[in-house]
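Could you walk me through this model in a few questions and answers?

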Amino acid sequence: MDSSTQSVKIVVCDAETGEVVRSGRAPHPEGTEVSAAAWWTAYQSAASTPGLLDDVEAIAVGGQQHGMVTLDEDGELVRDALLWNDTRSARDARDLVAELGGGQAWADATGTVPLASMTVTKLRWLARAEPESAKRVASVVLPHDYLTWELGGRSFAPVTDRGDASGTCYYDASKGEYRDDLVRLALGRSIELPRVADPAEIVGHTPDGIAIAAGTGDNMAAGLGLGLQSGSAVVSLGTSGTAFTRSATPTHEPSGTVAGFADATGAFLPLVCTLNGARNLVATAEVLGVTLDELARLALSAPAGSGGLVFLPFLEGERTPSLPEATGELVGLTLSSMKPANLARAAIEGVLWSLAYGVDVLRKQTGEISAITLTGGASQSEAVRRIATSVFGLPVVVTEAFESVAVGAARQAAWALTGELPEWRVPVAGRYEPTEADVAAADDLMGRYTEVLRAHFEVPDFSR
Ligand SMILES: Nc1ncnc2c1ncn2[C@@H]1O[C@H](COP(=O)(O)OP(=O)(O)O)[C@@H](O)[C@H]1O
Ligand SMILES: O=C(CO)[C@@H](O)[C@H](O)COP(=O)(O)O
């Protein structure tokens with residue numbers, strides 16, 4: 001199961017080959033504050049498709065990362081979960097960074113410098129803004145932990161895995177230990193935290209006897225589903241934009257650009273995340289009064305560089321660069337550039353640009369990255385795939401197994417069931433090679449965006 005921001009997707013895979021044999025989905029409520037119970041209801045609705053779960057032997061959850069799900073002593077929800085894209089704890093993030101002695105101190109302690117997305121900052125927000133709710137909290141779990149617990153009929157204590165735990169900023173991924181001192185720093189006291197299960201552990205069973213694996217964060221699950229290896233990066237365009245790679249060793253990047261997450265196999269998953277993925281494209285299509293397919297056609301009819309238009313895609317504030325209070329900018333409007341086609345292309349270039357920057361920073365942390373695998377809802381767009389070559393200047397691959405998070409969760413479930421990580425084939429649906437002109441366009445685009453970004457916002461070094 002992939003329980004992500006906008007929807008839940010279930011895929012049923014053949015345990016030997018990974019072939020997707022059945023699937024189902026259901027939408028999630030809108031907003032950055034959502035009751036965890038709504039995710040369980042959505043899962044039950046998707047799973048009720050007749051025959052969908054017939055013969056299923058094992059299940060795992062890949063879930064949107066970082067969300068703060070608060071439980072009281074009786075295991076009841078204290079309040080709605082604050083999601084990864086809720087920026088109200090921006091001030092708390094700044095305070096926590098200062099209180100521990102700066103970005104390097106956090107990067108050393110947990111691998112990651114807290115920004116408003118991370119669970120630890122939401123704990124501090126709760127203590128500050130809702131002290132009465134904070135007092136009632138007995139434990140905090142992540143979205144995937146909550147769903148794993150519900151799947152098991154609450155018959156075992158909540159569990160998590162090291163991948164998702166690494167996104168809390170109170171778990172040290174390199175040592176595999178919770179940092180109770182950081183929970184106390186944020187909330188003022190200790191709380192119960194879910195046990196961190198082994199990557200291939202069966203943590204319990206559903207009331208129907210289906211084995212439940214540990215599950216993980218959605219990006220970690222996508223890494224498993226796509227068979228991610230060092231030297232290449234996954235770029236996901238869902239609600240968030242993410243760029244991540246696999247690393248055998250932990251990263252400790254002090255500026256907060258690269259999160260030093262763990263992956264779902266025992267290795268690491270350095271990751272750059274933006275708040276502004278596919279929804280900037282949906283908003284642009286709405287402004288232009290076109291469908292997403294028409295947006296793609298328009299974008300492909302415009303030249304690389306969008307006739308000089310630059311779209312800083314900060315419609316939901318931003319996490320990378322860290323500008324939680326920012327709004328978007330459209331720059332370079334002239335009589336000749338202000339055309340629907342240029343606007344369509346600029347939206348795609350803008351959304352991809354911050355991830356191209358992310359890939360550059362990842363490269364500095366982990367070594368060469370020579371290809372990109374695109375995934376997430378917007379990777380279905382032919383324009384996104386083609387334009388990506390001229391923003392990254394790298395080969396871009398799209399796989400057939402489109403729901404990579406759910407497939408990765410299924411692969412983990414098969415691993416737990418059989419005791420061996422299955423070697424599932426990841427069939428390539430398309431490979432887009434950059435031309436020399438694409439590589440030059442990528443450099444040019446990075447230069448122009450950096451200039452416009454610097455002219456409008458105060459940011460740390462943000463250049464190639
Ligand atoms: N062809 C497309 N072009 C651009 N965006 C698309 C396209 N198809 C789907 N999307 C967008 O992708 C998003 C859903 O992607 P998904 O990866 O499922 O998100 P999440 O995992 O965050 O719930 C939605 O905002 C949807 O409108
Ligand atoms: O916060 C992050 C990663 O650090 C996001 O990637 C969330 O994990 C949500 O992902 P999507 O719902 O957009 O897939």
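This is a predicted model: local features need pLDDT of at least 70, side-chain atom pairs count only at pLDDT 80 or more; totals for chains, interfaces and linings use all residues.

Residues are numbered from 1 along each chain as its sequence is written, while chains are lettered from A and ligands numbered from 1 in the order in which they are written.

Q: Which residues does the UniProt annotation "binding site" cover?
A: The annotation comes from an unreviewed UniProt entry. UniProt positions are given in the numbering used here, feature names are shortened, and annotations may be inferred rather than shown by experiment.

Q: Is Gln65 buried or exposed?
A: Gln65 is found in the loop between strand S6 (62–63) and strand S7 (69–71); strands (E, at least two residues) and helices (H or I, at least four) are DSSP runs, numbered from the N terminus. A residue is buried if 20 or more other C-beta atoms, placed from the backbone, lie within 10 Å of its own, exposed if 12 or fewer, and partly exposed in between. Because Gln65 has 30 C-beta neighbours inside 10 Å, it counts as buried.

Q: Which residues is His66 in contact with, leaving aside its neighbours within four places in sequence?
A: His66 is found in the loop between S6 and S7. Contact is taken to be C-beta atoms, placed from the backbone, within 7 Å of each other. By that rule the partners are Trp84, Ser117, Met118, Thr119 and Gly167.

Q: At what angle do helix H4 and helix H8 pack?
A: Two packed helices are described by the angle between their axes and the distance between the axes. Axes are lines fitted to C-alpha atoms, for helices over the stretch in contact, and angles run from 0 to 180 degrees between N-to-C directions. For H4 (residues 119–129) and H8 (residues 180–187), the axes are 7 Å apart and the angle is about 35°.

Q: Which residues of H8 meet H4?
A: From H4, the contact involves Val120, Leu123, Arg124 and Ala127. Their partners in H8 are Leu182, Val183, Ala186 and Leu187.

Q: Which element gives the largest share of the shell around ligand 1?
A: 16 residues surround ligand 1, where near means a C-beta atom, placed from the backbone, within 6 Å. The closest are Ser4, Gln6, Gly238, Thr239 and Gly377. The largest share, four residues, comes from H10.

Methods
Two residues are in contact if their C-beta atoms, placed from the backbone, lie within 7 Å.
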